[in-house]
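Please look over the sequence and the structure shown here before reading on. The briefing that follows is meant for someone meeting this structure for the first time.

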Amino acid sequence: MRLYRRPLAAVLGGVVLALTATGSALAAEGTFAWTGPEGKTYGIQNPPDNKCFDMAQEARGARNATKKTLVVYTEKRCKGTATRLAPGKAAPSGARFASVIFNPR
């Protein structure tokens with residue numbers, strides 16, 4: 001169970017590094033940010049396109065500062081109620097989500 005408790009940012013670190021070498025055509029340029037436990041802000045730069053990521057801990061208040069649309073979901077594996085966030089948009093600060101996909105097809 002501990003494997004699933006790692007922050008999403010740590011999981012995406014290797015992916016983001018891999019995308020740096022391949023160019024930004026495969027990434028939503030910009031930053032995706034959210035609020036985690038104890039009100040701490042988390043973020044990732046240039047998240048990969050069309051891949052669903054489960055949040056490993058409490059996540060709320062998604063903010064899309066990328067150049068592409070993203071969708072947050074109330075359940076893991078990009079299921080449940082979906083909230084689409086256009087570039088530059090944010091979900092309400094208390095809106096919880098459990099997974100996210102960037103630039104879905």
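Is Glu58 buried, exposed or partly exposed? Glu58 is partly exposed, because its relative accessible area is 30%, where buried means under 20% relative accessible area, exposed over 50% and partly exposed in between, with a 1.4 Å probe and protein chains only. This is a predicted model, in which local features need pLDDT of at least 70 and side-chain atom pairs count only at pLDDT 80 or more, while totals for chains, interfaces and linings use all residues. Residues are numbered from 1 along each chain as its sequence is written, and side-chain values use heavy atoms, with hydrogens and water left out.

**Overall layout**

- The protein chain has one helix and seven strands, and along the sequence these follow the pattern α-β-β-β-β-β-β-β; helices (H or I, at least four residues) and strands (E, at least two) are DSSP runs, numbered from the N terminus.
- Of the 105 residues in the protein chain, 35% are buried.
- The protein chain exposes about 6200 Å², and carbon and sulfur atoms supply 53% of that area; accessible areas come from the Shrake-Rupley method with a 1.4 Å probe, and for residues only the protein chains shown count as cover.
- Among the contacts in the protein chain with a separation of 6 or more, 61% are between residues 24 or more positions apart, a contact being heavy atoms within 4.5 Å.

**Salt bridges**

- The structure holds four salt bridges, each being a side-chain nitrogen of Lys or Arg within 4 Å of a carboxyl oxygen of Asp or Glu.
- One of them joins the side chains of Glu29 and Lys67 at 3.7 Å, N to O, and this pair links distant parts of the chain, since Glu29 is in the loop between helix H1 (8–22) and E1 while Lys67 is in the loop between strand E4 (60–66) and E5, 38 residues apart.
- Glu29 counts as partly exposed because its relative accessibility is 32%, whereas Lys67, with a relative accessible area of 63%, is exposed.
- Glu58 forms a salt bridge with Arg60, with the closest N and O atoms 2.9 Å apart, and the side chains of Glu58 and Arg96 also meet in a salt bridge, at 3.2 Å, N to O.
- Arg96 lies in the loop between E6 and E7 and Glu58 in the loop between strand E3 (52–54) and E4, so this pair ties together parts that are 38 residues apart in sequence.
- Salt bridges that share partners join Glu58, Arg60 and Arg96 into one network, and Arg96 within it counts as exposed, at 54% relative accessibility.

**Aromatic pairs and the nonpolar core**

- There are five aromatic pairs, counted where rings of Phe, Tyr and Trp (its six-membered ring) have centres within 6.5 Å, with planes under 30 degrees apart taken as stacked, over 60 as edge-to-face and the rest as tilted.
- Phe32 and Phe97 form an edge-to-face pair, at 6.1 Å centre to centre and with 65° between the planes; the pair links distant parts of the chain, with Phe32 in strand E1 and Phe97 in the loop between strand E6 (79–85) and strand E7 (99–102), 65 residues apart.
- Both partners are buried, Phe32 at 0% relative accessibility and Phe97 with a relative accessible area of 5%.
- Ring pairs link Phe32, Trp34, Tyr42, Phe53, Phe97 and Phe102 into a cluster.
- The largest nonpolar core has 16 residues, of which Phe32, Trp34, Leu70, Val72, Phe97, Val100 and Phe102 touch the most other members; such a core is a set of buried Ala, Val, Leu, Ile, Met, Phe, Trp, Tyr and Cys residues joined through side-chain atoms within 4.5 Å.
- At least two residues of this core are supplied by each of E1, strand E2 (41–45), strand E5 (70–75) and E7.

- Thr35 is found in strand E1 (residues 30–35) and is buried, with a relative accessible area of 12%.
- Leaving aside neighbours within four places in sequence, Thr35 is in contact with Lys40, Glu58, Ala59, Arg60, Gly61 and Arg63.
- Tyr73, in strand E5, counts as buried at 16% relative accessibility, and the residues that Tyr73 touches, not counting those up to four places away in sequence, include Cys78, Phe97 and Ile101.
- Tyr73 and Arg96 are 23 residues apart in sequence and 8.6 Å apart in space, C-alpha to C-alpha.
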